[in-house]
Amino acid sequence: MSRNQAPARPLTREEKDALVDAHFESEIAGDIDAIVECFIPGAEHDVVGRPEGPVHGGEAIAAYYRRLLTDLRISRFETVRRRYGDNHVVDESILHATAIGSPFGIEGRGREIAVRLLHVFDFSGGLISRESAWLDVASLLGQLA
């Protein structure tokens, strides 16, 4: 399925996996355009606890990822489990990365981190319409303190 082709039916489990995996692979590659291509126009992106709250639309999502990927070099996502609904996926993963800047306001000094993440991805028109992410900040603080 092309990311530009919206299926007329709900996504299959395999299509949901492919879209989430493509999103994660784009983050690993640092490919902002590919990240944004995974979202519908006007999509919502929310990292719980982010001071400015959710952002909306490709431009705002791209700006968020530009900042994040300046601070964090992501090496891989280790999927722990996924739960599937009609129009959503709940993904629990371990983020493996190098904190090269100050991710989430915490000085990284080039240290390796492994942090648990919980994502909820909502889908519409064959793409992500909303991404909501929770990060184990206590673990991150413990690794970077």
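**Loop, core, surface and charges**

Reply: Arg-109 sits in the loop between E4 and E5; strands (E, at least two residues) and helices (H or I, at least four) are DSSP runs numbered from the N terminus. This is a predicted model, where local features need pLDDT of at least 70, side-chain atom pairs count only at pLDDT 80 or more, and totals for chains, interfaces and linings use all residues. Residues are numbered from 1 along each chain as its sequence is written, and side-chain values use heavy atoms, with hydrogens and water left out.

Me: What is the phi of Arg-109?

Reply: Positive, about 50°, although Arg-109 is not a glycine.

Me: Buried or exposed?

Reply: Arg-109 counts as exposed, at 54% relative accessibility. The cut-offs are under 20% relative accessible area for buried, over 50% for exposed, and partly exposed in between (1.4 Å probe, protein chains only).

Me: And where is Phe-104?

Reply: In the loop between strand E4 (88–99) and strand E5 (111–124). Phe-104 is partly exposed at 39% relative accessibility.

Me: Now the core. Which residues have the most contacts inside the largest one?

Reply: Leu-72 and Phe-123, in a nonpolar core of 36 residues. Such a core is a set of buried Ala, Val, Leu, Ile, Met, Phe, Trp, Tyr and Cys residues joined through side-chain atoms within 4.5 Å. Helix H3 (residues 58–71) gives the largest share, 6 residues.

Me: What does Phe-123 touch?

Reply: Leaving aside neighbours within four places in sequence, its contacts (heavy atoms within 4.5 Å) include Leu-11, Leu-19, Val-20, Val-89 and Ile-128. Lys-16 and His-88 are also among them.

Me: Back to H3. Which of its residues are buried?

Reply: Ile-61, Ala-62, Tyr-64, Tyr-65, Leu-68, Leu-69 and Asp-71. An α-helix has 3.6 residues a turn, so residues three or four places apart point the same way.

Me: How far does H3 reach?

Reply: H3 has 14 residues and reaches 20 Å from first C-alpha to last, close to the 20 Å expected. The expected span is 1.5 Å times one less than the number of residues.

Me: Which residues form a nonpolar patch on the surface?

Reply: Val-48, Leu-118 and Trp-134, with about 240 Å² of accessible area together. Areas are Shrake-Rupley with a 1.4 Å probe; for residues, only the protein chains shown count as cover. Patch residues have over 30% relative accessible area and no salt bridge, with nonpolar side chains (Val, Leu, Ile, Met, Phe, Trp, Tyr) joined within 5 Å and like charges within 9 Å. Trp-134 lies in strand E6 (residues 127–135) and is partly exposed at 38%.

Me: Charges next. How many salt bridges?

Reply: A search of the whole structure finds 12. Each is a side-chain nitrogen of Lys or Arg within 4 Å of a carboxyl oxygen of Asp or Glu.

Me: What does Arg-82 pair with?

Reply: Asp-17, the closest N and O atoms being 2.9 Å apart. Arg-82 is in strand E3 and Asp-17 in helix H1 (residues 13–29), so the pair ties together parts 65 residues apart in sequence. Arg-82 is buried, at 13% relative accessible area.

Me: And Glu-44?

Reply: Glu-44 bridges to Arg-130, with the closest N and O atoms 2.8 Å apart. Glu-44 is in strand E1 (residues 39–47) and Arg-130 in strand E6, so this pair links parts 86 residues apart in sequence.

Me: Which residues do shared partners join into one network?

Reply: Asp-17, Asp-21, Arg-82 and Asp-91.
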